[in-house]
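Q: I would be grateful for a close look at a single part of this protein. Please treat the local geometry and the surroundings together in one connected account.

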Amino acid sequence: MQARILLVEDDPEIARVVRDMLIRENYEVTWATTGLEGWEDFQENLYDLVLVDLMLPEMDGFTLCKNIRWKSDIPLIIISARKEDEDKVAGLHLGADDYVAKPFSLVELKARVASQLRRWRRYQGQEARANTSTYMHGLKVNWDQKQVTLNEVKVPLTSKEYELLEVLAKHPGETFSKTELYEHVWKQLEADGVPTVTVHIKALREKLADPVKNPKFIQTDWGKGYRFIGDPL
């Protein structure tokens, strides 16, 4: 099965060498030259693996890794000239599966890509069952069909309300600032739409019958943002 790989690298010489190697291995490759371009490509297409440089224009590799991990569990390999241990730890902490320091061997990179793809395909086989989450207090979310029900009654969420719920519920207990939610759901880097997040969170809470003072699903972390506290069944 041919795998689709997203390569995000601003150095054209390195990118061409890596891309040509991957194509020779029968992978389908998309090459993005900035972090923002890579993020846009990732949202518009389906990929099996992402290769990310850390030092990128427009959006750095750390932010890109964080955004990708909000949305997907696909293999993520960092390739970077930054060899400091703290950079490696930071990258792995953000959800990267591997870290390859420049200069690197193409043979080694090829082996690491193949290894991560094998792991991902095993994982996909295990996750082929119905992708549904059920929580206490009657909340159920079918992620494949993007359908939310509360006490067996369908909840008519807008696309933005659903995406906010998806980000929060798929990262339970993790606090997201309004700026982070705005950048992820509205796909813009500017923070001037933060009040929009507040309005949509309020609407989402009302539809989920989730009071602010005694929340069952979405809790306000005052001064920081919001986090999902639903108890899974």
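Which exposed residues does the face of helix 8 turned away from its buried side carry?

A: The model is a predicted one. In it, the face of helix 8 turned away from the buried side carries the exposed residues P195, V199, K202 and E206.

The helix itself comprises 14 residues, 194–207. From its first C-alpha to its last it reaches 20 Å, close to the 20 Å expected at 1.5 Å a residue.

The buried residues of helix 8 are V194, V197, H200, I201, L204 and R205. Viewed down the helix axis, these buried residues fall within an arc of 140°, and they therefore line one face of the helix. Their packing partners include two helices, namely helix 6 (159–169) and helix 7 (178–185). The buried residues of helix 8 also pack against strand 10 (218–221) and strand 11 (225–228).

Just after helix 8, the backbone at A209 takes a positive phi of about 50°. Most residues other than glycine have a negative phi.

K146 counts as exposed because its relative accessibility is 59%, the cut-off being over 50%. N151 is exposed, with a relative accessible area of 52%.

Methods. Residues are numbered from 1 along each chain as its sequence is written. This is a predicted model: local features need pLDDT of at least 70, side-chain atom pairs count only at pLDDT 80 or more; totals for chains, interfaces and linings use all residues. Side-chain values use heavy atoms; hydrogens and water are left out. Helices (H or I, at least four residues) and strands (E, at least two) are DSSP runs, numbered from the N terminus. The expected span of a helix is 1.5 Å times one less than its number of residues. Buried means under 20% relative accessible area, exposed over 50%, partly exposed in between (1.4 Å probe, protein chains only). The arc is that of the directions from the helix axis to the C-beta atoms. Contact means heavy atoms within 4.5 Å.
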